Structure formats: structure tokens, C-alpha cells
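Reader: Hi! Could you walk me through this protein? I'm new to reading structures.
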Amino acid sequence: ERLDMYRSMYGSYADVEGAAQEEDMLTVDYKGDFELPEDASASLKRQVEATDAFMWLNDPENIPGCIKALTGAEVGKEYSFTANFGEDCGEDALKGKSVNYKVNVIAVQRRKELTDAELLEKIKMDSIDELRKVISQGLERDSEAKRRQEAAEAVFKKLDEAAGEFDMPPALLDS
């Protein structure tokens, strides 16, 4: 699984023919019907309108609803959809708002996973067995660190329960 993750992570995007699929990257021009305030930040402006922008069809979405609306999109065509921004939206001005977008698709690109040889060249290693060994050692270290953390938390919980409530000296609290 980790090797597959590295093959994908170090892979590159290449133009493809045909309809966009989830996980693809689109190059698009888009414009929303949201009225921008005069003092709109650059990020709010980009959220509402952009040219030659990348839009990934995976989570987290650039614009709510873009994955559903643009899966199946083709180069040279225009698509419309309504984005419903939730209260957790990073742009205060868009929280709870619905914005209608028009999107022109300029390119569809798909990630090309690397072969073992390409991956080894990219990360400057000599053999896939050497990479597997490095990955295995890393996973073992992660597992041991997690085990130690869980043990420390269990010890702290027991000590905390045993100590109960007590007053702290003001000088200690101040420091």
C-alpha cells in the first residue's frame, strides 16, 4: 500500500482525451454570480472567479459540488452548477451562501502512476527491495512510537485518577 501511495504521490499529471473522472485535475475558467464587495480579499476573488485555474476532482473540493458537476466534463465545453457553501467555509462572505457557477473546461489531466523503475529514479534509490526495507523500518518505528504514546497516556490517566483534586500553590500556577 505504501509503495502504491509513493507511485501515485510522485506521479505526474498528463493530458487525457475524453471525459473527466474523479481524481482528475482540470484546467478551467470559472465565474460565480456572487457580488463581490469592494474590499474583497484576493482569496475571495479567486473563489468567485478565475482563469486558467486548476480544479481537482477530489476532496477537499475547491468549490462545493464541483466533483459531482464536473465528473464527465469534456474539454471545450461549458458547465453550470450551484455551489452551496456551508458554515465551515473559509471565506466568511460565502458562509451559508449559494453561488451559481459557469465553468469552461480547458484541459483534463490524469495522474500517471510511476513504474518501479521511475519511482526508484525519482527518489534516488537502487532497488525496490531496498525501498521496501526502508518503508518497513519506517512503519515499525511508527508502530513503536504509537505504542509508547498509548502507554504514556494510560499511565497519565491512572496517575490523574489516583491524584484526585488538589490545590496548586499560587506561585506554581503563575509560573
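Reader: Which strand does S2 pair with over eight bridges, and in what sense?
Author: S2 pairs with strand S5 (residues 98-112), and the sense is antiparallel. Two strands count as paired if DSSP finds at least two bridges between them. Leu-26, for instance, has Val-108 in S5 as its bridge partner. A word on the source: this is a predicted model, where local features need pLDDT of at least 70, side-chain atom pairs count only at pLDDT 80 or more, and totals for chains, interfaces and linings use all residues. Residues are numbered from 1 along each chain as its sequence is written, and side-chain values use heavy atoms, leaving out hydrogens and water.

Reader: Is S2 mostly covered or uncovered?
Author: Mostly covered: of the eight residues in S2 (residues 25-32), six are buried, meaning under 20% relative accessible area with a 1.4 Å probe, protein chains only.

Reader: Okay, zooming out. How many helices and strands are there?
Author: The protein chain has six helices and five strands. Those are DSSP runs, with helices (H or I) of at least four residues and strands (E) of at least two, numbered from the N terminus.

Reader: And why is the chain called more spread out than a compact globule?
Author: Because its radius of gyration is 25 Å, well over the 16 Å that the globule rule gives for 175 residues. That radius is taken over C-alpha atoms, and the rule is 2.2 Å times the number of residues to the power 0.38.

Terms used. Buried means under 20% relative accessible area, exposed over 50%, partly exposed in between (1.4 Å probe, protein chains only).
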